[in-house]
Amino acid sequence: MTAHRLINRRVAIAEMGKAGLAIVVLGTAACSEPISGIGTSADGSTAVAPVTTGTARAPTSMVTSSAATTATAVTGFQRANLDFVSAYILYRDGEAALVDTGVEGSAAAIEASLAEAGLGWGAVGHVILTHKHPDHAGSVDEVMIQAPGAILYAGAAEISQITSTAIPEAVADGDMVFDLQMIDTPGHTAGHICVLDPLAGILVTGDALVGGAQGVEPPDPSFSEDMASALESVAKLAGFDYEVALFGHGEPLLEGASAAVTALARA
Ligand SMILES: [Zn+2]
């Protein structure tokens, strides 16, 4: 990740705290390398990226778009806040991956979140389950009915325990799905995976990490199968680079996330 991308993201996050709609100017002259999916202008002209949030107090999404000379690219995430658990929509160029599905009966709320991002079920080409627990996999059948063209994925060690009509494809550590990197993070459950968007600098943690008062906390031991492995997975997650962490439980951490996870792993 380049320094100026970090700066741009920090500007965006600072603005998100001030207002529901903020305009962030991305000077492409400062970006010497092309960033796929972010949408920089080929002619070096300035791109304008609107950043929208659900509310100023609790940002639920981050959008970066730019009108280039020949094409428009939009990338971002949308949180589906499903009461005590969240699912996340990661999208670029009108296509989306849904990470987790919430408890049973969450499809309508996920559809509303898709709409907030300007998307519908037809955009959902990938559904990724971080793990088997019913607050994450509970609506998988409803979702797969709404998005019949989507491919379902889960960690190999999890698949036999996920109750769904569609059988998930097994993903292995390091696999790429829709330019998203799958990271094996066993402990909370044996086949738990996290999802990293390396281009946007976003980590979707499932229950491998929890949003807390200190920004980020390890999973709750009382709900985790193997706490020693879970803590090894926290240390593993500290080895990746991302600015934003999106938790299954807790408020998203929108700045300095991998540094916070590194601090947690050393504590
Ligand atoms: Zn869980």
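This is a predicted model: local features need pLDDT of at least 70, side-chain atom pairs count only at pLDDT 80 or more; totals for chains, interfaces and linings use all residues.

## Terms and overall make-up

Two strands are taken as paired if DSSP finds at least two bridges between them, and strands themselves are DSSP runs of E, at least two residues long, numbered from the N terminus.

The secondary structure of the chain comes to 6 helices and 14 strands. Of the 267 residues in the chain, 47% are buried. Among contacts between residues at least 6 apart in sequence, 58% join residues at least 24 apart.

On passing to β14 the pairing is parallel, with 4 bridges between β13 and β14, and the bridge partner of Ile 202 in β14 is Val 244. The chain reaches β14 from β13 by way of helix α5 (residues 227-237), in a β-α-β crossover that is right-handed.

## Burial of β13

How many of the residues of strand β13 (residues 202-206) are buried? The count is 5 of its 5 residues, and the burial concerns both faces of the strand: Ile 202, Val 204 and Gly 206 lie on one side, while Leu 203 and Thr 205 lie on the other. In a regular strand the side chains alternate between the two faces of the sheet.

Strand β6 (residues 95-99) runs parallel to β7 and is joined to it by 4 bridges, with Val 99 having Ile 128 of β7 as its bridge partner. Strand β7 (residues 124-128) in turn runs parallel to β8, with 3 bridges between them; here Val 127 has Leu 152 in β8 as its bridge partner, and His 126 stands opposite Ile 151 of β8. Strand β8 and strand β9 (residues 169-171) also run parallel and are joined by 3 bridges, and Gly 155 stands opposite Val 171 in β9.

Because 4 of the 5 residues of β7 are buried, β7 is largely enclosed by the rest of the structure. Strand β8 (residues 151-155) is likewise mostly covered, with 4 of its 5 residues buried.

Together, β6, α2 and β7 make a right-handed β-α-β unit. Within helix α2 (residues 107-116), the buried residues are Ala 107, Ile 110, Ser 113 and Leu 114. Seen down the axis of α2, these buried residues fall within an arc of 120°, so they line one face of the helix. An α-helix has 3.6 residues a turn, so residues three or four places apart point the same way.

The other side of α2 carries the exposed residues Ala 108, Ala 112 and Ala 115. Just after α2, Gly 118 takes a positive phi of about 75°.

## The nonpolar core

The largest nonpolar core has 60 residues, and those with the most contacts inside it are Ile 89, Leu 90, Leu 98, Val 127 and Ala 245. Strand β5 (residues 85-92) gives the most to this core, contributing 6 residues.

Which residues does Ile 89 touch, not counting residues up to four places away in sequence? They are Phe 77, Gln 78, Ala 80, Ala 96, Leu 98, Ser 113, Leu 114 and Ala 117. Two of the names in that list, Ser 113 and Leu 114, are also among the buried residues of α2, and Leu 98 is itself one of the core residues with the most contacts.

Conventions: Residues are numbered from 1 along each chain as its sequence is written. A residue is buried if 20 or more other C-beta atoms lie within 10 Å of its own, exposed if 12 or fewer, and partly exposed in between; C-beta atoms are placed from the backbone. The arc is that of the directions from the helix axis to the C-beta atoms. A nonpolar core is a set of buried Ala, Val, Leu, Ile, Met, Phe, Trp, Tyr and Cys residues joined through C-beta atoms within 7 Å. Two residues are in contact if their C-beta atoms, placed from the backbone, lie within 7 Å. A crossover is right-handed if, with the strands pointing away from the viewer, the path from the first strand over the helix to the second runs clockwise.
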